[in-house]
Amino acid sequence: MGLKLFNTLSRSIQEFAPLAPPRAGMYCCGPTVYDHAHIGNWRTFVFGDLVRRYLEFKNFRVTHVMNITDVEDKIIKGARETKTSLREFTGKYEAAFLEDLRTLNCREPHHKPRATEFIPEIVALIEKLLERGFAYKADGSVYFSIEKYRAAGCVYGKLLKLNFEELRVGERVKSDEYAKEAIADFALWKARSPDDGEIFWPSPFGEGRPGWHIECSAMSMKILGPGFDLHLGGEDLIFPHHEDEIAQSEGATGKTFVKYWLHGAHLLVEGKKMSKSLGNFFTLRDLLAKRFTGREIRCLLLSAHYRETFNFTLDGLQGAKNALARIDECLGKLREIADSSKSALAAPKLREGEDEGGSTLQQFSDALDDDLNVSAAWAAVFDWVNKLNRRMAESALAPNEAAAALATWTKMDSVLGVGTKSEADVPAEISALLAARQAARKEKNFKRSDEIRAELQAKGWTIEDTPKGPKLKKI
């Protein structure tokens, strides 16, 4: 079975067939760098990472582009209030975003274009729209005319059904506050205003800056071409952002802009919409401060289907921590068996589902082929863990089988990206206590050894004494 995805453009699940296989061009709407990204943003970015990882698992050669919006109203306001340059203000938030991206073990996009570095391309695209009659100038700004676009036989409303009476397409603007001709028209270029200060660029239309929608069209088409395979984002971007991207891109080129549109659903926190006043607004750093790790947060964000509204809770994070501990414990035992040279077991034929090419991987990939059904993929993982644990408890797993099982996990984790717990995850203080306990045991000071064990337990760690030495385990 091939990979099938829900395409917002067709409102249906379709088999993924890129324009030039095995290459696949993928554009993800990235951060607007005026503050730290919140956990709702991160659900979308982790979803984008899952798409990329699974395409690569399926042997597609992915070109992953994620833009950095580094000029817009909130950014200009922030730079003005902090009395810093645009680059200085956005630079710190961009660096923080990329650091958080690594904390969540997301693969870094191949291209991270900043809007401010694509002004010539943006201007050229606007000129093309003016030339084709889909845009017009007004008081130093340039607007896209939805009425003229539709009059030319073009469809506005490809991603969702629009009520054009409510949208008020063609309704004239009566207030002097607006220079545009119709209420529904959107800005391609914004004329310089006093609040912009020194943040502006020269253009054939006058000094100013680009509108938000045109930035993504210019950057994506410059890097991926006028038509490409995948465009991702949160469902809140479907309208107007992505719909406007389609209109201005196809209005300029006359070609289909994107073949597949994928959108992630909203995220609730503790059952409610995120709000600072409700105390349920979290950035990634807020959660790290609560002693959760990036892999635990990533695991929870990947626990539900991307098109389902997901309730993110602190209890859910604890559940993710426990789930990963089960995997870590199983992998630790597999490594011990795989490394063992003293096993008296023969090397039996590998059982179905426990070798790297067996049914476990097939179940895993079948689940993800079905519109990235991560719940079913996780079910395959934990069924595999349970089978292995039973065999290891019976001392019935040979070293070659353990090695094959570890290879299976490596393949599955190349998609899930949760990694494994390492010794580096053990705090230095805890490692020092373990060493002190070993020294006490060597000196036969068992009273001190027991005291240290109790101290470790009080700090949330237990010790398992094995033939290969003591193993620390988080309680």
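I started with Ala325, which is partly exposed, with a relative accessible area of 39%. My cut-offs: buried is under 20% relative accessible area, exposed is over 50%, and partly exposed is in between (1.4 Å probe, protein chains only). Ala325 sits in helix H11 (residues 314–339). Helices here are DSSP runs of H or I with at least four residues, strands are E runs of at least two, and both are numbered from the N terminus. I also checked Ala325 against Leu232: their C-alpha atoms are separated by 32 Å, and they are 93 residues apart along the chain.

A note on the source: this is a predicted model, where local features need pLDDT of at least 70 and side-chain atom pairs count only at pLDDT 80 or more, while totals for chains, interfaces and linings use all residues. Residues are numbered from 1 along each chain as its sequence is written, and side-chain values use heavy atoms, with hydrogens and water left out.

Next entry, H12. Is helix H12 enclosed or open? I found 8 of the 11 residues of H12 (residues 359–369) buried, so the helix is largely enclosed by the rest of the structure. Among the buried ones are Leu361, Phe364 and Leu368. I then looked up what the buried residues of H12 pack against: strand S1 (4–7), H1, helix H13 (374–393) and helix H14 (399–416), with contact meaning heavy atoms within 4.5 Å. Just after H12, I noted that Asp371 takes a positive phi of about 55°.
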